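Please keep the viewer open beside this text and follow the stops in order, making each selection before reading what is found there.

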Amino acid sequence: MELIQFTAAELSEKIRRKEISVLEAVKASLDQIRQMEPEIHSFVTVTEEYAYKRAQKVEKGIRDGQYRGPLAGVPTAVKDNICTAGIPTTCSSKMLEGFVPPYSAEAVRCLERAGAIIIGKTNMDEFAMGSTTETSAFGITRNPWDRERVPGGSSGGSCAAVAAGEAFFALGSDTGGSIRQPSSWCGVTGMKPTYGTVSRNGLIAYGSSLDQIGPIAKNVKDCALVLEAVASWDPMDSTSMKRQDLRFSENLTGDVRGFRVGIPKEYVGEGVEPDVRKAVERAAALLEAAGAAVEQCSLKNTRYAIPTYYIIASAEASSNLSRFDGVKYGYRASEYEGLHEMYKRSRSQGFGTEVKRRIMLGSFVLSSGYYDAYYLKALRAKAVIKEEFDQAFSKYDVILGPAAPTAATRIGESLKDPIQMYLGDIFTVSVNLAGLPALTLPAGLTEDGLPVGVQIIGGCFQEGKIFQAACSLEQALEPWHMAFEKEGHVHGKTV
Amino acid sequence: MAQQIDSEIIDQVSILAKLELTETERQQAMEDMQKMLDYIDQLNELDTSQTEPMPHIFPIQNVFRDDEAVNGDDREAMLKNAPKQKDGQYQVPKTIE
Amino acid sequence: MAKQYETVIGLEVHVELATKSKIFCGCSTRFGGAPNTQTCPVCAGFPGALPVLNRQVVEYAAAVGIACNCHINRLSRFDRKNYFYPDNPQNYQISQFYIPICQNGWVEIDTPAGPKKIGIHEIHMEEDAGKLIHDEWEESSLVDFNRSGVPLIEIVSEADMRNAQEVIAYLEKLRSVIQYLGVSDCRLQEGSMRADVNLSVREAGSSVLGTRTEMKNLNSFKAITHAIDGERERQIELLEAGKTVIQETRRWDENKESSRAMRSKEDAKDYRYFPEPDLPPVVISEEWLEAIRSRQPEFAHERVKRYQEEYKISEKEAVMVTEYRNLADIFEETAKLTGNPKKSVNWMTGETMRLINDRGVRPEKIRFTPAHLAALIQETEKGELTNQGAREVFEQIFDRDQEPTAYIEEKGLRVVKNDGLLMEAVQSVVDSNPDAVTQYREGKVKVLGFLMGQVMKAMKGKADPEKARQMMEEILKQEP
């Protein structure tokens with residue numbers, strides 16, 4: 001077995017036992033990056049020099065007992081909307097090209113405390129607005145399973161990096177499905193935690209009331225371990241929650257006997273590709289076989305989730321992105337006459353089409369005369385959607401469904417019609433509106449050989465139940481391989 | 001019927017959003033926003049008359065910090081990102097005529 | 001016949017709160033730091049930074065609300081006010097729009113027609129903007145975010161004022177209340193208190209409000225008075241000429257004594273307020289409110305009444321001595337220690353005020369130990385000091401809070417009590433100034449002053465002047 005084929009937990013174990021050095025691990029990742037990047041382009045920035053320096057420190061730290069955890073010495077990738085002190089953080093936007101944050105996000109500090117080693121910043125849809133990673137200002141990322149397809153988005157770079165073996169795990173962010181949908185399309189395991197579980201401090205905001213940072217990993221166990229490391233109560237984030245139940249890896253028993261699992265009929269109905277539906281049905285059967293009680297249920301307000309989401313996310317984005325004005329950091333137009341022209345030119349030239357589209361929509365729904373009809377209405381609809389989930393979780397331990405109606409789409413396909421692209425978010429956005437945790441894990445392949453994930457949604461603060469169900473499902477499914485293993489794109493040291 | 005987006009609304013919104021649109025972009029924006037609003041319009045089928053708006057998903061409240069000046073001086077790390085700076089300050093086009 | 005007009009005025013007053021740190025981050029609020037040295041990702045609007053509310057700001061805002069007879073909302077929220085300007089680093093200001101912390105209050109002011117209640121519409125918490133300096137050399141402006149994020153409360157009055165005098169009385173009232181609470185020093189010139197004036201005119205007797213304008217950049221009572229008079233005239237002229245007043249914001253220029261509109265087509269005035277998703281609501285429990293209420297001081301107008309009753313000082317003295325809480329506190333403590341309120345208030349309204357002017361210090365900064373003043377008063381009551389000596393001692397107390405007894409001893413200021421010595425000095429002056437003595441005896445009693453001066457000189461100022469005068473008169477009365 002090659003070094004880069006290990007999971008994070010396996011790798012750190014081997015590092016602890018001195019079978020592999022941290023330097024070797026970092027070198028293996030960087031070698032893989034060198035091989036894969038020309039085709040995949042998961043990264044905006046590769047931090048080679050930084051990673052080698054960190055490797056030495058962490059190696060020593062492990063030997064000195066400073067780092068004892070399961071991520072110590074493990075190379076990781078961080079989505080480029082999560083601030084890293086001294087390392088450029090661009091949100092894949094021309095607007096932030098060359099921006100070097102003076103501070104690190106709390107989640108990054110958590111990773112550093114755990115001894116993980118950041119090897120680069122991953123590509124994404126510009127400011128996390130998109131579902132394909134095609135709106136990046138620095139070029140598209142290709143799906144490691146099929147170079148003609150997108151990896152999904154907006155955390156497409158992070159998911160592709162894990163699928164391509166470039167990183168052992170990655171951090172993504174999820175505002176409306178941005179971890180779960182690309183995880184599904186890239187055949188990796190990704191989780192959006194309960195709102196407030198991972199600090200948003202240092203996450204460049206898109207929709208503040210919806211944004212969460214979460215782990216993207218090779219399997220459920222790594223996912224739980226990474227979440228355990230980055231979940232924290234942070235006094236610098238007023239929406240961060242004080243939780244006592246953060247030992248997620250203790251929920252990896254895979255025992256689902258007595259579990260009640262609901263499958264909303266709206267999640268497997270019209271518009272869902274047969275291969276996707278089949279994957280969900282098979283997962284349901286496997287859970288049932290493992291002792292869970294599975295039944296169909298209904299979330300009849302599902303269709304209101306997309307309009308509600310786009311109003312709230314765009315409104316918050318229009319305000320969050322107003323700070324990008326060419327004054328303090330980032331892009332400033334080279335020619336302008338006076339202050340207002342400087343603002344307008346810098347923003348018009350610095351932002352891409354999709355970002356501008358959402359800023360315009362968001363500014364409109366908040367503007368005088370329309371606020372009540374759109375924004376307040378959406379805040380009410382959000383309450384209705386949350387209430388519906390609360391009722392569902394009084395009956396079910398978890399809800400099972402797809403992460404997206406289709407598998408990975410072809411490059412260029414989705415951008416033609418924005419509404420069509422937004423409709424693809426139907427199974428993910430309501431989770432963000434209701435603040436719920438949800439996990440996507442690979443559950444099969446389409447006839448074309450593309451990965452299909454299923455999504456397990458839990459009640460608020462019920463990550464434990466999700467991990468239990470996911471673990472059970474993972475054990476029941478045939479062993480899963482990362483894209484690079486399937487293709488034999490394995491480089492570096494054989495162990 | 002959904003709100004109709006005319007050029008006056010688009011112009012007003014682009015002033016608010018501080019975006020300068022070319023004529024093509026302006027037409028496109030008008031079309032996009034109209035489509036989106038037509039789609040969003042289905043929200044009106046949802047009865048929310050008995051529902052309070054929910055800005056925060058969890059009922060947390062009173063998250064405070066103590067009144068202590070704890071921050072050091074991080075000026076250089078921040079200022080080096082400025083497109084234009086002078087004498088330790090961010091430089092912008094003249095704000096009054 | 002010319003129409004009669006009534007002026008209708010409401011005020012929006014911003015007050016900087018005297019917290020140690022900013023409203024949403026741990027940066028210092030102190031004045032005078034080099035540009036942008038008191039900034040962090042939060043108050044400089046860097047990507048990813050989040051606000052966390054300073055508890056003290058809530059307590060201060062609620063305290064002012066209680067003092068202004070407001071209803072304190074048990075639940076209040078923060079909202080974002082969206083507008084682009086370089087001194088506003090996020091291009092939105094975190095403020096309270098939909099549910100402010102305090103609503104529906106009033107304060108009472110004195111007018112020539114008697115006391116009048118001015119309604120308070122609301123008081124809300126918000127963050128201050130940074131500072132813009134105009135760089136004449138490069139045709140540009142420079143931004144310093146040291147003030148960005150300093151906590152403010154905005155006190156919005158009802159349109160209850162009718163002239164500049166009422167406006168000034170209202171501002172004085174707010175200043176007094178807020179200073180007594182220790183919440184701010186409320187200095188207009190330095191911007192720790194800022195007043196925007198909303199003004200409209202209407203025909204006398206009309207109950208319909210005219211179109212109002214908002215005047216900004218008023219940083220002295222004089223500027224406020226000028227701006228109110230100027231804007232009233234401007235609006236009346238417009239109406240008389242058959243024109244209409246445009247609702248707009250105008251910037252007052254005190255040098256030119258005129259205002260101009262601040263509008264531009266680039267400033268579409270639509271703030272798109274929406275609930276701040278980064279800040280959970282503030283909920284004030286009954287216990288918390290009670291704790292804040294229990295810390296409310298006795299305010300100036302309450303003290304004026306009590307001082308007259310309890311200390312039998314005049315209303316004028318009471319008003320003067322209560323203008324600043326620190327001075328009122330010193331007075332009261334001194335009065336208690338000495339049992340002599342009359343002398344205590346005299347020192348506070350006389351010498352203290354003289355020295356404040358002379359030294360050019362801020363009245364609210366004066367701190368000295370009441371026991372020191374009390375000791376001084378007791379020494380003078382025992383006749384231990386001359387007036388001049390007492391003043392000298394007081395200056396020491398005022399300037400450096402000097403303990404008086406030690407100082408009196410050290411400088412030998414105590415009046416000489418040895419009658420023999422004094423008698424000798426008096427006799428010697430009489431002997432060596434025969435001309436003056438003769439003049440006195442011929443009825444020119446004024447020369448007594450000169451003779452006394454000579455005695456004091458001989459005694460190096462340490463004689464009890466009263467006793468010396470008695471001795472002198474006794475000798476002079478004797479026939480030669």
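Predicted model: local features only at pLDDT ≥ 70, side-chain atom pairs only at ≥ 80, totals over all residues.

How many salt bridges are counted between chain C and chain A? The count is one salt bridge, the term standing for a side-chain nitrogen of Lys or Arg within 4 Å of a carboxyl oxygen of Asp or Glu.

Residues are numbered from 1 along each chain as its sequence is written, chains are lettered from A and ligands numbered from 1 in the order in which they are written, and side-chain values use heavy atoms, with hydrogens and water left out.

**First stop: chain C against chain A**

Select A:R200 and C:D278, which form a salt bridge whose closest N and O atoms are 2.9 Å apart. Widening the selection to the whole contact (heavy atoms within 4.5 Å) brings in 32 residues from chain C and 39 residues from chain A. The area buried between these two chains is about 2900 Å², of which carbon and sulfur atoms give 59%; buried area here is the accessible area (1.4 Å probe) that two parts lose on being put together, summed over both. To see where chain C loses the most area to chain A, colour C:P47, C:L50 and C:F84, which together account for 21% of what that side buries.

Between chain C and chain A there are also 20 residue pairs in polar contact, both residues being at pLDDT 80 or more. A polar contact is a pair of N or O atoms within 3.5 Å; within protein, one must be able to donate a hydrogen and the other to accept it, and residues adjacent in sequence count only if both atoms are side-chain atoms. On the side of chain C that touches chain A, the elements giving two or more residues are β5 (79-82) and β16 (274-275) of chain C, and the residues of that side divide into 21 nonpolar, five polar and six charged.

**Second stop: chain B against chain A**

Next, select the 50 residues of chain B that are in contact with 64 residues of chain A. Chain B and chain A bury about 5100 Å² between them, 71% of it on carbon and sulfur atoms. Four salt bridges are found across this interface, and one pair to display is B:E20 with A:R345, a salt bridge in which the closest N and O atoms are 3.3 Å apart. The polar contacts between chain B and chain A number 18 residue pairs, both at pLDDT 80 or more.

Four elements of chain B, namely α1 (7-17), α2 (23-40), α3 (75-79) and β3 (89-93), each supply at least two residues of the side that touches chain A. Of the elements there, α2(B) gives the most, with nine residues, and that side of chain B divides into 30 nonpolar, ten polar and ten charged residues.

Finally, select helix α10 (residues 370-381) and helix α11 (residues 387-400) of chain C, which pack at an angle of about 175° with their axes 10 Å apart. That angle makes α10(C) roughly antiparallel to α11(C), a label that applies to angles over 145 degrees. Show the side chains of C:H372, C:L373, C:L376 and C:T380 in α10(C), which meet C:A390, C:V393, C:F394 and C:I397 in α11(C).

Technical notes:
Nonpolar A, V, L, I, M, F, W, Y, C, P; charged D, E, K, R; others polar. Axes fitted to C-alpha atoms, helices over the stretch in contact; angles between N-to-C directions. Parallel < 35°, antiparallel > 145°, perpendicular 65-115°, else oblique.
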